[in-house]
Amino acid sequence: MLSFTIMAIAFGVVFLAELPDKTALAGLMLGTRYKASYVFAGVAAAFAVHVALAIAAGSVLTLLPHRLVQAVVGVLFLAGAAMLLLKKDDGDDEEIKAPADQSFWKVSGAGFMLILVAEFGDLTQIMTANLAARYDNPVSVGIGAVLALWAVAGLGIVGGRTLMKYVPLRLITRIAACLMIALACFSLYEAIAP
């Protein structure tokens with residue numbers, strides 16, 4: 001059964017965690033060189049694969065005892081928050097290899113491969129698995145997570161540089177970390193509550 005609340009939570013957590021990540025920059029760089037719709041098609045497909053893998057991993061976690069899962073999820077949310085707060089700037093001037101022509105398959109393929117490789121095992125993939133385990137509603141979590149990732153990619157492709165002029169990256173990172181800490185506390189409370 002679909003839950004709009006769970007979709008909204010997944011969207012918010014994943015969106016805020018992914019926004020300060022390299023994906024928006026990668027989308028922006030590819031989007032300035034190639035047709036935006038081609039880039040988005042490849043990036044969106046890669047994110048759909050990532051979310052499917054994360055949901056599968058999170059669904060496996062639901063087979064474990066509830067208190068153990070809540071404890072593990074709480075610790076992982078705390079680790080995710082720590083990663084966001086302690087993350088150093090990666091040097092955003094990495095060179096992105098892009099195809100030499102503008103064909104749909106080459107451009108979307110470049111976007112797909114870039115995201116598939118760069119985001120594998122990323123914080124948002126781990127957070128999506130945590131959310132799937134936490135809420136035991138893989139479809140709602142999956143929809144919320146994939147929509148969040150697509151929104152970040154779209155923002156990056158269309159106008160990430162403009163957004164960052166008005167919203168400080170540090171603020172976005174801190175809000176995401178605070179949300180993860182709140183989810184961690186709630187999960188740990190459920191793990192120890194009678």
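A crossing is called left-handed if the near helix is turned anticlockwise from the far one by less than a right angle, and right-handed if clockwise. Keep that in mind for a minute.

So, this one is a predicted model, with local features needing pLDDT of at least 70 and side-chain atom pairs counting only at pLDDT 80 or more, while totals for chains, interfaces and linings use all residues. Numbering starts from 1 along each chain as its sequence is written, and side-chain values use heavy atoms, with hydrogens and water left out.

The chain has eight helices and zero strands (DSSP runs numbered from the N terminus, H or I of at least four residues for helices, E of at least two for strands).

Now, the pair I like: H1, residues 4-18, packs on H6, residues 123-135, at about 160°, axes 10 Å apart. Axes here are lines fitted to C-alpha atoms over the stretch in contact, and angles run from 0 to 180 degrees between N-to-C directions. The two are therefore roughly antiparallel (over 145 degrees; under 35 is roughly parallel, 65 to 115 roughly perpendicular, the rest oblique). And the crossing of H1 past H6 is right-handed.

Who touches whom? On H1 we have Ile 6, Ile 9, Ala 10, Val 13, Val 14, Ala 17 and Glu 18; on H6, Thr 124, Thr 128, Leu 131 and Tyr 135. Contact means heavy atoms within 4.5 Å.

Look at Leu 131. Beyond its neighbours within four places in sequence, Leu 131 contacts Ile 9, Ala 10, Val 13, Val 14, Phe 77, Asp 136, Val 141 and Leu 183.
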